[in-house]
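Here is a short tour of one protein model. Keep the sequence and the 3D view at hand while reading.

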Amino acid sequence: MKHLDDLKYKGKTVFLRVDFNVPLDENGNIRNDNRIRASLPTINYLIGQGAKLVIASHLGRPKGKVDPKMSLKPAAKRLSELISADVFMAPDCVGEDVDRLKKELKSGQVLLLENVRFHAEETANDAGFAQKLARDIDCYVNDAFGSCHRTHASVAAITQFVKEKAAGYLLQKEVKYLSKAIRSPKKPYVAILGGAKVSDKIGVIQNLLNKADDILIGGAMAYTFFKAQGYEVGKSLVEDDKLQIALEVLTKAKEKKVDFRLPLDHVLATGIDKEAQIKVSESFPFPADWMAVDIGPKTVAEYSKIIARAKTIFWNGPLGVFEIDKFAKGTVKIAEAVAASKAVSIVGGGDSIAAVEKTEVSKRITHISTGGGASLEYLANETLPGIEALE
Ligand code: ADP
Ligand code: MG
């Protein structure tokens, strides 16, 4: 895979795929511009090198139809405030008007294409559409790590129609940290896995069973593992069709001598709402109308000890229903333990990132991945379609 600095851009028309999938409020204002800011190093570098810069992104899921609520116009405006170059907004991402705008572009200017998902051919990875995107393009740069697990036209098929291609700084950085975590992690390597479902994470768990020394489980996922072993878990969230897989994971962990931990105590609640009653339980069965919503204090203490001696930490999935403050303690305490450790620490996953950012310790985490699904898939498969397309 070529790096951004490996190519020459002066006077060339460069197609840069970014992830400007920013959250918008009901008035179309950007609620958080982190994703735009994350691509600025690459954008500024290309402008500085004298590229004619064509930028493309998706936003939301317009399902192949034009939806003004998912226009990238607000992103164009925000981008023009963040960089010193001229930023023009294209009416579409392909077509005659767009081709003309591409041709008129001067070195150091930026043309932001409209949402690529306004065309169904984008998610279908359609070759004809990719060819239109690639029209008059000299170089392709991918800086959209968060989209690299998608085999979509602007991420995958397009690379067949452009001679020179490279990874942008953000993509390079993601690959650097994530590949370190899977290929040559410093030991002990501790993985913390939580969140709602075992099924979302099974690929990552299986990969981690070959790599990690300790796997600390929390979140609703833990109760599928408990139920699989015959414990009564009340009305805790369980995936009944994943009990067999859960047992297989437990067996494999034993075979591989992985220290696979489930919570020692549990915060139980009468429901997922902030008025619910809560209590801590250290044993089973849980009362039938109670459910686990967070890890308890004993678990926090035990997991924190293991985290303190780690050299590499990968964390995905909140350890409880962190959206509700009184169920967020376990997740917050574990975030603090991760931040306090001297390990290389990596956090991936949409909700996990939100949880860590809630704690104000995020600056002490080595790498917070910008891609939720992408980081998990990278850890499970050690590559991504968008990365392979750059080879
Ligand atoms: P990520 O987006 O980081 O990959 P997930 O989407 O897998 O994480 O999981 C996050 C969700 O899991 C959150 O909405 C959280 O409320 C939920 N969750 C965590 N623990 C529990 C629990 N014990 N019971 C129900 N939901 C839970
Ligand atoms: Mg999620």
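The protein is divided into domain 1 (4-172) and domain 2 (185-380). These bounds come from an automatic or database domain assignment. The C-alpha centres of the two domains lie 36 Å apart. Six residues of domain 1 are in contact with eight residues of domain 2, where contact means heavy atoms within 4.5 Å.

This is a predicted model: local features need pLDDT of at least 70, side-chain atom pairs count only at pLDDT 80 or more, and totals for chains, interfaces and linings use all residues. Residues are numbered from 1 along each chain as its sequence is written, chains are lettered from A and ligands numbered from 1 in the order in which they are written, and side-chain values use heavy atoms, with hydrogens and water left out.

Helices (H or I, at least four residues) and strands (E, at least two) are DSSP runs, numbered from the N terminus. Two strands pair if DSSP finds at least two bridges between them. In general, strands of a sheet pair through backbone hydrogen bonds, either parallel or antiparallel.

One open sheet has six strands in the order 3-4-2-1-5-6, and its pairing is parallel. Strand 3 (87-89) and strand 6 (164-167) are the edge strands, each pairing on one side only. Neighbouring strands of this sheet are turned by 20° against each other on average, direction ignored. Such angles are taken between axes, which are lines fitted to C-alpha atoms (for helices over the stretch in contact), and run from 0 to 180 degrees between N-to-C directions.

| Strands | Sense | Bridges | Opposite residues |
|---|---|---|---|
| Strand 1 and strand 2 | parallel | five | Phe15 and Val54 |
| Strand 1 and strand 5 (residues 139-142) | parallel | four | Val14 and Cys139 |
| Strand 2 (residues 52-56) and strand 4 (residues 110-112) | parallel | three | Val54 and Leu111 |

How many residues of strand 1 (residues 13-17) are buried? Five of its five are. Buried means under 20% relative accessible area, exposed over 50%, and partly exposed in between (1.4 Å probe, protein chains only). Thr13, Phe15 and Arg17 point one way from strand 1. Val14 and Leu16 point the other way. In a regular strand the side chains alternate between the two faces of the sheet.

## Helix 4 and its two sides

Helix 4 covers residues 96-104 and contains Glu96. Which residues of helix 4 are buried? They are Val98, Asp99 and Lys102. They cover an arc of only 100° around the axis, which puts them on the same side of helix 4. The arc is that of the directions from the helix axis to the C-beta atoms. An α-helix has 3.6 residues a turn, so residues three or four places apart point the same way.

The buried residues of helix 4 pack against strand 2, strand 4 and helix 6 (127-133). On the other side of helix 4, Glu96 and Lys103 are exposed. Glu96 has a relative accessible area of 71%. Its C-alpha atom is separated by 9.8 Å from that of Lys132, 36 residues apart along the chain.

## The nonpolar cores

A nonpolar core is a set of buried Ala, Val, Leu, Ile, Met, Phe, Trp, Tyr and Cys residues joined through side-chain atoms within 4.5 Å. The largest has 69 residues, of which Ile215, Phe225 and Phe260 touch the most other members. It draws at least three residues from each of domain 1 and domain 2. A second, separate core of 30 residues includes Leu53, Ala76, Leu79 and Ile83.

Take Ile215. Not counting residues up to four places away in sequence, Ile215 touches Ala191, Leu193, Leu208, Leu209, Val258, Asp259, Phe260 and Arg261.

Phe225 belongs to the buried residues of helix 9. Helix 9 (residues 221-228) is mostly covered, with seven of its eight residues buried. Just after helix 9, Gly230 takes a positive phi of about 95°.

Another open sheet has three strands in the order 11-10-12, with antiparallel pairing. Its edge strands are strand 11 (278-281) and strand 12 (291-295), each pairing on one side only. The twist averages 35° from one strand to the next.
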